Amino acid sequence: MKKDGYYSSGEFARMAQVTLRTIRYYDKHNILKPSFVTEAGARFYTAADLARLQQILLLKHLGFSLDEIRELTIDDSDRQVLLKSLDMQRKLVQDRIEQMLLVEKAIEDTSDAIRSQDSIDWSQMLNLIHLTGMEKSLKNQYRNASNISARIHLHSLYSHNTQGWFPWVYEQCSLQPGMNILELGCGDGALWQENLSKLPAKIHITLSDISEGMLRDARRSVGAQDPRFSSLACDCHAIPCKDAQFDLVIANHVLFYCSDIAKVCREVQRVLKPGGRFLCSTYGSLHMKEISNLVQEYDERIVLAADNLYEVFGRENGADILAPCFSQVRWISYEDYLTVPDADPLISYILSCHGNQNQYIVDRYQDFRGFVKSRIGKGFHVTKDAGIFIAEP
């Protein structure tokens with residue numbers, strides 16, 4: 001008997017304006033499974049499945065492969081996850097529009113050059129080829145944003161420290177009117193988006209990132225017309241700014257991704273004013289250790305991260321790494337932990353990690369979900385071991 005709020009495969013296909021064959025194909029390839037299957041094998045879908053299908057179809061339209069889509073959409077979408085997913089999709093569409101406008105301009109410029117000149121300006125042609133190769137970069141940006149969203153979602157739902165990470169970091173910045181600030185690796189600008197109402201009117205913040213896509217997201221999040229912000233695409237190993245320019249430099253979970261941390265520290269020291277401060281956040285060795293233990297219990301081959309970031313730059317070794325450039329270094333811990341009562345946000349977090357977990361989980365998703373649910377009990381405790389170093393030359 002049909003349940004209220006459930007639609008047969010045929011009804012679902014008509015609602016989505018796709019063929020029944022498409023629905024069956026997504027089911028067979030574990031991209032979109034039905035929410036309910038009868039003992040006789042009849043498949044039924046819900047409005048939540050329709051939202052998932054919308055995401056799948058858009059990603060397919062934007063050039064993602066089915067394997068990429070399967071990894072990006074496997075989590076069960078609650079309302080907040082869906083809203084974040086839609087927001088990321090909107091940003092991806094905006095980026096694709098900007099990309100295509102650049103491609104159109106390059107084609108027009110190349111065509112004009114061919115018409116008006118005896119010889120072809122091959123730099124124009126190479127520029128066009130470069131622009132049409134931006135698709136991979138946009139895909140990577142979307143995947144990174146999806147992963148970051150899954151991790152933030154778990155913390156926002158189940159952290160016991162109600163202040164939140166970004167408001168806490170902002171508090172440690174001790175901003176004053178008239179300060180000139182540089183953020184290295186600003187990402188999507190979340191630090192400032194969450195604290196815009198607290199910012200002094202007379203202050204200047206340079207948002208920097210190696211990714212132009214991240215800078216676009218950051219400008220959108222803080223407001224493109226806000227005169228307090230400017231943006232700078234750069235590698236933090238070579239900061240294109242004058243000596244003694246900034247009162248504060250921020251690197252929020254950035255240094256452990258740098259290939260030469262000592263060089264970055266020298267650059268930060270150079271651009272800081274006398275009496276300026278360097279605020280850099282990182283993790284300790286205990287951070288989220290229970291999640292790694294959980295997946296290892298399920299399959300000992302799973303490694304959630306190829307490198308332990310805290311071993312590169314962490315709570316235990318960070319002061320020694322900073323010491324050659326900074327005479328005063330102190331650590332401040334962010335006191336917090338998680339109690340996770342639900343499997344799905346925890347699984348989304350696991351799938352967002354940078355390790356090999358998808359190789360062993362995606363095709364056994366329901367089995368893994370059952371395993372995680374069996375381990376959660378009344379609440380799964382997760383240690384958080386994070387904080388900031390504040391360094392002064």
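Analyst: Rings of Phe, Tyr and Trp count as a pair if their centres lie within 6.5 Å, with the six-membered ring taken for Trp. Planes under 30 degrees apart are called stacked, those over 60 edge-to-face, and the rest tilted. The model discussed here is predicted.

User: How many aromatic pairs does the structure hold?

Analyst: There are 17 aromatic pairs in the structure. One of these is formed by Phe12 and Tyr45, with 4.4 Å from centre to centre and 10° between the planes, and it is stacked.

User: Which parts does the pair of Phe12 and Tyr45 tie together?

Analyst: Phe12 belongs to helix 1 (residues 9–16) and Tyr45 to strand 3 (residues 43–45), so the pair ties together parts that are 33 residues apart in sequence. Both Phe12 and Tyr45 are buried.

User: Is the aromatic pair of Trp165 and Trp168 stacked or tilted?

Analyst: Trp165 and Trp168 form a tilted pair, at 5.4 Å centre to centre with 35° between the planes. Both residues lie in helix 8 (residues 165–173), where they are 3 residues apart, about one turn of the helix. Buried means under 20% relative accessible area. Trp165 counts as buried because its relative accessibility is 16%, and Trp168 because its value is 7%.

User: Which residues do ring pairs link into a cluster?

Analyst: Tyr6, Phe36 and Phe44 are linked into a cluster by ring pairs.

User: Do strand 4 and strand 5 pair in the parallel or the antiparallel sense?

Analyst: Strand 4 pairs with strand 5 (residues 204–209) in the parallel sense, over 4 bridges. Strand 4 also runs parallel to strand 7 (residues 246–251), to which 4 bridges join it. Leu182 illustrates both pairings: its bridge partner in strand 5 is Thr206, and in strand 7 it stands opposite Val249.

User: How many residues of strand 4 are buried?

Analyst: In strand 4 (residues 180–184), 5 of the 5 residues are buried, so the strand is largely enclosed by the rest of the structure. Asn180, Leu182 and Leu184 point one way, whereas Ile181 and Glu183 point the other way, and all are buried.

User: Which residues other than glycine have a positive phi?

Analyst: Two cases may be set side by side. Gln17 has a positive phi of about 60° although it is not a glycine, and phi of His253, likewise not a glycine, is near 55°.

User: Where is each placed, Gln17 and His253?

Analyst: Gln17 is in the loop between helix 1 and helix 2 (20–28). It counts as exposed because its relative accessibility is 73%. His253 is in the loop between strand 7 and helix 11 (261–271). With a relative accessible area of 19%, His253 is buried. Apart from its neighbours within four places in sequence, His253 is in contact with Trp165, Ser281, Thr282 and Tyr283.

User: Finally, at roughly what angle do the axes of helix 12 and helix 15 cross?

Analyst: The axes of helix 12 (residues 289–298) and helix 15 (residues 343–351) cross at roughly 85° and come within 11 Å. Angles of 65 to 115 degrees count as roughly perpendicular, and therefore helix 12 is roughly perpendicular to helix 15. Ile291, Leu294 and Val295 of helix 12 make the contact with Leu346, Tyr349 and Ile350 of helix 15. By class, the contact has 6 nonpolar residues, no polar residues and no charged residues.

Technical notes. Residues numbered from 1 in each chain as written. Predicted model: local features only at pLDDT ≥ 70, side-chain atom pairs only at ≥ 80, totals over all residues. Heavy atoms only, no water. Axes fitted to C-alpha atoms, helices over the stretch in contact; angles between N-to-C directions. Helix = DSSP H or I, 4+ residues; strand = E, 2+ residues; numbered from the N terminus. Parallel < 35°, antiparallel > 145°, perpendicular 65-115°, else oblique. Contact = heavy atoms within 4.5 Å. Nonpolar A, V, L, I, M, F, W, Y, C, P; charged D, E, K, R; others polar. Buried < 20%, exposed > 50% of the residue type's maximum accessible area, 1.4 Å probe, protein only. Pairing = 2+ DSSP bridges.
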